[in-house]
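Please examine the following structure through a series of questions and answers.

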Amino acid sequence: MHLAYPAVLSALLFCTGLYGVLARRNAILVLMSVELMLNAVNLNLVAFDVWLNKAARDTLHSGQALTLFTIAIAAAEIGIGLAIVLAVHRNRGTSDIDRLRDTAEGHEHGTPTPPDGTAGEKAEATA
């Protein structure tokens, strides 16, 4: 098998993940897109490891070892990332990235802003 096939597939996976990171507003979908990008890198590491081992007759398989480290780091990242997203969702009521600003933004005047954005309507109704 030629090196071009896994390289093209990896480029397509990486571009799909990059589009997901840039275009999505849901934090869980962004994390899934980052995982897609990491899997594209893993595919490149293994493909180039096999290609270089055919040429050099090397038995170290350093690309495959790096892939195992990348998988372990990705598993830790998704575990911590999902825990953070769930904690933010419980506190704010949304996982929309556009609505998640600085943690102190909603507490400027001493009253937190509700997740549905109706704080201005309630203030006008009481005035």
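Q: Which residues is Glu 77 in contact with, leaving aside its neighbours within four places in sequence?
A: In this predicted model, Glu 77 is found in helix 3; helices (H or I, at least four residues) and strands (E, at least two) are DSSP runs, numbered from the N terminus. The C-alpha atoms of Glu 77 and Leu 31 are separated by 9.0 Å, although the two residues are 46 apart along the chain. With contact defined as heavy atoms within 4.5 Å, and neighbours within four places in sequence set aside, the partners of Glu 77 are Leu 31, Val 34, Glu 35 and Leu 38.

Q: Is Glu 77 buried, partly exposed or exposed?
A: Buried means under 20% relative accessible area, exposed over 50%, and partly exposed in between (1.4 Å probe, protein chains only). Glu 77 has a relative accessibility of 25%, so this residue counts as partly exposed.

Q: What is the order of elements from the N terminus on?
A: The secondary structure of the protein chain comes to 4 helices and 0 strands. From the N terminus on, the elements run α-α-α-α.

Q: Which residues does Leu 13 contact, leaving aside neighbours within four places in sequence?
A: Leu 13 lies in helix 1 and is partly exposed, with a relative accessible area of 26%. Its C-alpha atom is separated by 9.1 Å from that of Val 41, 28 residues apart along the chain. With neighbours within four places in sequence left aside, the contacts of Leu 13 are Leu 36, Ala 40 and Leu 43.

Q: Which residues make the nonpolar surface patch of about 330 Å²?
A: Patches are made of residues with over 30% relative accessible area and no salt bridge; like charges are joined within 9 Å, and nonpolar side chains (Val, Leu, Ile, Met, Phe, Trp, Tyr) within 5 Å. Helix 1 gives the largest share of the nonpolar patch, 3 residues. Leu 22, in helix 1, is exposed, with a relative accessible area of 61%. The patch is made by Phe 14, Leu 18, Leu 22 and Val 41.

Q: Which side chains meet in a salt bridge?
A: A salt bridge is a side-chain nitrogen of Lys or Arg within 4 Å of a carboxyl oxygen of Asp or Glu, and the structure holds 1. The N to O distance is 3.2 Å, and the side chains are those of Asp 98 and Arg 25.

Q: How many residues apart are Asp 98 and Arg 25?
A: Asp 98 counts as partly exposed at 36% relative accessibility, and Arg 25 counts as partly exposed at 40%. The salt bridge between Asp 98 and Arg 25 links distant parts of the chain: Asp 98 is in the loop between helix 3 (62–92) and helix 4, and Arg 25 is in the loop between helix 1 and helix 2, the two being 73 residues apart.

Q: Why is the pair of Phe 48 and Trp 51 classed as it is?
A: Rings of Phe, Tyr and Trp (its six-membered ring) pair if their centres lie within 6.5 Å; planes under 30 degrees apart count as stacked, over 60 as edge-to-face and the rest as tilted. Phe 48 and Trp 51 both lie in helix 2 (residues 27–56), 3 residues apart. Their ring centres are 6.2 Å apart and their planes are at 85 degrees, so the pair is edge-to-face.

Notes: Residues numbered from 1 in each chain as written. Predicted model: local features only at pLDDT ≥ 70, side-chain atom pairs only at ≥ 80, totals over all residues. Heavy atoms only, no water. Areas by Shrake-Rupley, 256 points an atom, 1.4 Å probe, with all protein chains shown as cover.
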